[in-house]
Amino acid sequence: MERIAICPGSFDPITNGHLDIISRSSRIFDKLYVVVLNNESKHPLFTVEERLELIREVTKKYPNVEADVYSGLLADYAREVGATANIRGLRAVSDFEYEMQITSMNRLLNHDLETFFIMTRNQYSFLSSSIVKEVAKYGADISELVPGVVEKALKEKYSDNK
Ligand code: ADP
């Protein structure tokens, strides 16, 4: 049986922290869908298409990883692609409460979906898309935090917005 996993998030934009989780889980599962959950209430900086394109670009070295987008419930998406594993990254204790909540909800909505947590590498434990955007806005060096294409995309975004 093929072991199919999903790795959901906003990915606005994808960071080295996300990539670390993606590359590590791609070694464990046969197929990994990195899925952008389209949540307009979060007021994203990048459009869904831009986020997908960046994910595709930086994951193309992993043949079993596919980028996708979904506007409904994660539990339904998992059913559609036949996934039995939901991968989430854990940074700090502060992530825990929220993750407990959505894990319980997802379990209720889809009994066949098991959530797995991967602990971030220490160097990425402070890293989030929001913090990267915050510092990129002021022209800080983010080359250690995101892949080159993402750094370029952020620079373009902020020069457009000026
Ligand atoms: P969400 O809106 O679901 O929090 P994110 O794009 O912020 O979406 O995160 C998607 C997933 O990646 C989550 O499981 C999150 O915990 C994980 N993640 C984000 N940043 C990091 C990081 N620096 N290290 C490990 N996991 C991370």
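Visitor: Hi! What volume does the largest pocket have?
Guide: Hello! In this predicted model, the largest pocket has a volume of about 1200 Å³.

Visitor: Which residues are closest to its centre?
Guide: The pocket is lined by 42 residues, and those closest to the centre are P8, G9, S10, K42 and R88.

Visitor: And which elements give two or more residues to the lining?
Guide: They are β1 (4–9), α1 (16–26), β4 (85–90), α4 (93–109) and α5 (129–136). The largest share comes from α4, with eight residues.

Visitor: How do the lining residues divide into nonpolar, polar and charged?
Guide: There are 17 nonpolar residues, 17 polar ones and eight charged ones in that lining.

Visitor: What does UniProt list under "binding site"?
Guide: The UniProt entry, which is unreviewed, lists S10, K42, L74 and R88. From this set, S10, K42, L74 and R88 are taken in by the lining of the largest pocket.

Visitor: Let me pick L74. Where does L74 lie?
Guide: L74 lies in helix α3, which covers residues 74–81.

Visitor: Is L74 buried or exposed?
Guide: L74 has 9% relative accessibility, so this residue counts as buried. The cut-off for buried is under 20%.

Visitor: Changing topic: which domain does UniProt annotate here?
Guide: The unreviewed entry carries the annotation "domain: Cytidyltransferase-like", covering residues 6–134.

Visitor: How much helix and strand is there over residues 6–134?
Guide: That stretch is 42% helix and 22% strand. Its end C-alpha atoms are 28 Å apart.

Visitor: Now the strands, please. How do β1 and β2 pair?
Guide: β1 and β2 are parallel, and six bridges join them. To find one spot by eye, look at I6, which stands opposite Y33 in β2.

Visitor: Which residue of β4 stands opposite I6?
Guide: That is N86. β1 and β4 pair in the parallel sense, over two bridges.

Visitor: What about β2 and β3, how many bridges there?
Guide: Six bridges, again in a parallel pairing, link β2 to β3, the strand of residues 65–70. Here V34 stands opposite A67 in β3.

Visitor: And how many bridges join β4 to β5?
Guide: Six bridges join β4 to β5, which covers residues 114–119, and these strands run parallel. I87 has F116 in β5 as its bridge partner.

Visitor: How many residues of β2 are buried?
Guide: Six of its seven residues are buried, which leaves β2 (residues 31–37) mostly covered. β4 is mostly covered as well, with five of its six residues buried.

Visitor: I'm looking at G89 now. Which strand is G89 found in?
Guide: G89 is in strand β4. With a relative accessible area of 29%, G89 is partly exposed.

Visitor: What is the separation between the C-alpha atoms of G89 and C7?
Guide: They are separated by 8.9 Å, although G89 and C7 are 82 residues apart along the chain. For another pair, take I118 and G89: they are 29 residues apart along the chain, and their C-alpha atoms are separated by 4.9 Å.

Visitor: Where does I118 lie?
Guide: I118 lies in strand β5, and at 12% relative accessibility this residue counts as buried.

Visitor: Last topic, the loop between β1 and α1. Which residue is cis to D12 there?
Guide: The peptide bond from D12 to P13 is cis, with omega near 0 degrees. P13 has its place in the loop between β1 and α1.

Visitor: What is phi of F11?
Guide: Phi of F11 is near 50 degrees, a positive value in a residue other than glycine. Most residues other than glycine have a negative phi, and most peptide bonds are trans.

Visitor: Is F11 buried or exposed?
Guide: F11 is buried, with a relative accessible area of 3%, and F11 is found in the loop between β1 and α1.

Conventions. Residues are numbered from 1 along each chain as its sequence is written. This is a predicted model: local features need pLDDT of at least 70, side-chain atom pairs count only at pLDDT 80 or more; totals for chains, interfaces and linings use all residues. Side-chain values use heavy atoms; hydrogens and water are left out. UniProt positions are given in the numbering used here, feature names are shortened, and annotations may be inferred rather than shown by experiment. Helices (H or I, at least four residues) and strands (E, at least two) are DSSP runs, numbered from the N terminus. On a 1 Å grid over the protein atoms alone, a cavity is a set of points where a 1.4 Å probe fits but cannot get out, and a pocket is an open set with protein on both sides within 12 Å along at least five of seven lines; lining residues have an atom within 4 Å of a point. Grid points are joined across faces, edges and corners, and a volume is the space filled by probe spheres set on the points. Ala, Val, Leu, Ile, Met, Phe, Trp, Tyr, Cys and Pro count as nonpolar, Asp, Glu, Lys and Arg as charged, and the others, Gly among them, as polar. Buried means under 20% relative accessible area, exposed over 50%, partly exposed in between (1.4 Å probe, protein chains only). Two strands pair if DSSP finds at least two bridges between them.
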